[in-house]
Amino acid sequence: MEIDLMDEPGFRGHQLGFLDGLKGLGRSFNTIKNYRTDLECFNRFIGSFRDTVGIRDFDIPLIEEYGAFLNNKYASDNSRRRRVQTLRMFCDYLTEKGILSNNPVRKLRPSPKFQDIPRPAPLMDVKTLWMHLIKEVKATKALQQLMFKRNQIIFLLIFGGGLKVSDLENLKINDIILEDEPRVIITPPKRDPYSVPLPAIFRVVFNSYLESLNALGWGQNYLLFNANPYKILSGGISPRGLEKVFEEVRNKLLIGLTPKSLRQAAIFKWLHAGDSDGLIKEWMGVAPSYSLKGYKDFMDKHYYNEEFLVDLFQQQS
């Protein structure tokens with residue numbers, strides 16, 4: 001049966017099936033949201049046609065025309081590239097379902113990928129946040145104390161271990177190793193697990209956090225949790241929940257720090273510590289072919305170390 005790409009219920013039903021499949025593969029809420037936005041871009045392109053566009057028209061000329069549409073709409077090569085990649089994945093889905101006989105997007109040359117210029121959080125903002133988290137952990141109410149200890153753990157996992165938001169979401173207590181030196185085990189969906197070293201102070205903060213968790217009767221293996229000021233809502237921390245944590249401290253401390261900028265600070269920290277490119281790429285969870293040139297070119301402008309973590313912690317203890 002011919003499928004009209006302008007027929008919203010029919011065509012969008014396949015898009016929803018594609019997105020549901022991604023959810024089943026464990027993709028994060030933010031990732032699926034980005035794919036949905038990319039597909040909406042293609043839907044707007046199809047909606048600009050006056051004539052009916054059917055599956056039989058889903059060919060190389062149509063995809064090339066979509067490429068021209070993206071060139072006019074987006075100045076960023078990476079923005080165009082991402083939308084083409086999303087459409088390619090969606091067409092793979094349609095091919096697997098037998099709706100398309102082949103994937104025409106695979107014959108379209110994508111825009112080259114460029115790395116964004118790193119914009120790490122200023123060292124002063126990093127120190128300000130750490131100092132704030134140390135002071136606030138002295139809150140009188142047990143749940144408030146626990147939430148600030150959780151935030152200390154989040155800070156150390158990102159600045160100390162360079163973890164991404166997606167790495168934090170479903171971390172388990174068992175993923176923390178405290179034997180010789182603190183480490184965290186990362187288990188990506190499509191590659192073997194690997195471990196990342198954490199600052200020495202993590203051991204002290206983690207043990208205190210675990211003690212507070214147990215005191216409140218925490219019976220789950222999740223390392224982190226979503227909560228409001230009155231109760232713990234769920235195990236694990238969603239990307240939105242993590243963003244709220246940073247949003248609150250940004251507003252309170254008047255700093256512009258984000259999880260991404262804090263993680264970029266961690267990468268500069270590793271470079272200045274003299275860690276090898278191979279180790280840094282492993283800890284970042286990227287392919288060996290990934291280039292660190294974008295970071296190395298700016299090393300003289302962004303210097304970080306871990307010494308202040310212990311110094312400030314001891315001053316406030």
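## Sheet, pocket and loop in a predicted model

Modeller: This is a predicted model. Strand E2, residues 183–186, runs antiparallel to E3, and 4 bridges join the two.

Biologist: Which residue in E3 is the bridge partner of Arg183?

Modeller: E2 covers residues 183–186, and its bridges go to E3. Arg183 therefore belongs to E2, and E3 spans 194–197. The bridge partner of Arg183 in E3 is Pro197.

Biologist: Which strands stand at the edges of the sheet?

Modeller: The sheet is open and has 3 strands, with antiparallel pairing in the order E1-E2-E3. Each edge strand has a single partner strand, so one side of each is left without a neighbour in the sheet. The edge strands are E1 (176–177) and E3 (194–197).

Biologist: Now the second largest pocket. Which element gives the largest share of its lining?

Modeller: About 430 Å³ of space lies in this pocket. Of its 19 lining residues, the closest to the centre are Met147, Arg150, Ala227, Val245 and Glu248. Helix H6 (142–160), strand E4 (225–227) and H9 each supply at least two lining residues. The largest share, 6 residues, comes from H9.

Biologist: How many residues of that lining are charged?

Modeller: The lining divides by residue type. There are 9 nonpolar and 6 polar residues. The charged ones number 4.

Biologist: Is Leu254 buried or exposed?

Modeller: Leu254 sits in the loop between helix H9 (239–253) and helix H10 (259–272). Its phi is near 60 degrees, a positive value in a residue other than glycine. The relative accessible area of Leu254 is 76%, and the cut-off is over 50%. So Leu254 is exposed.

How values were computed: Residues numbered from 1 in each chain as written. Predicted model: local features only at pLDDT ≥ 70, side-chain atom pairs only at ≥ 80, totals over all residues. Heavy atoms only, no water. Buried < 20%, exposed > 50% of the residue type's maximum accessible area, 1.4 Å probe, protein only. Pairing = 2+ DSSP bridges. 1 Å grid on protein atoms, 1.4 Å probe; cavity = no way out; pocket = protein on both sides within 12 Å on 5 of 7 lines; lining within 4 Å. Points joined across faces, edges and corners; volume = space filled by probe spheres on them. Nonpolar A, V, L, I, M, F, W, Y, C, P; charged D, E, K, R; others polar.
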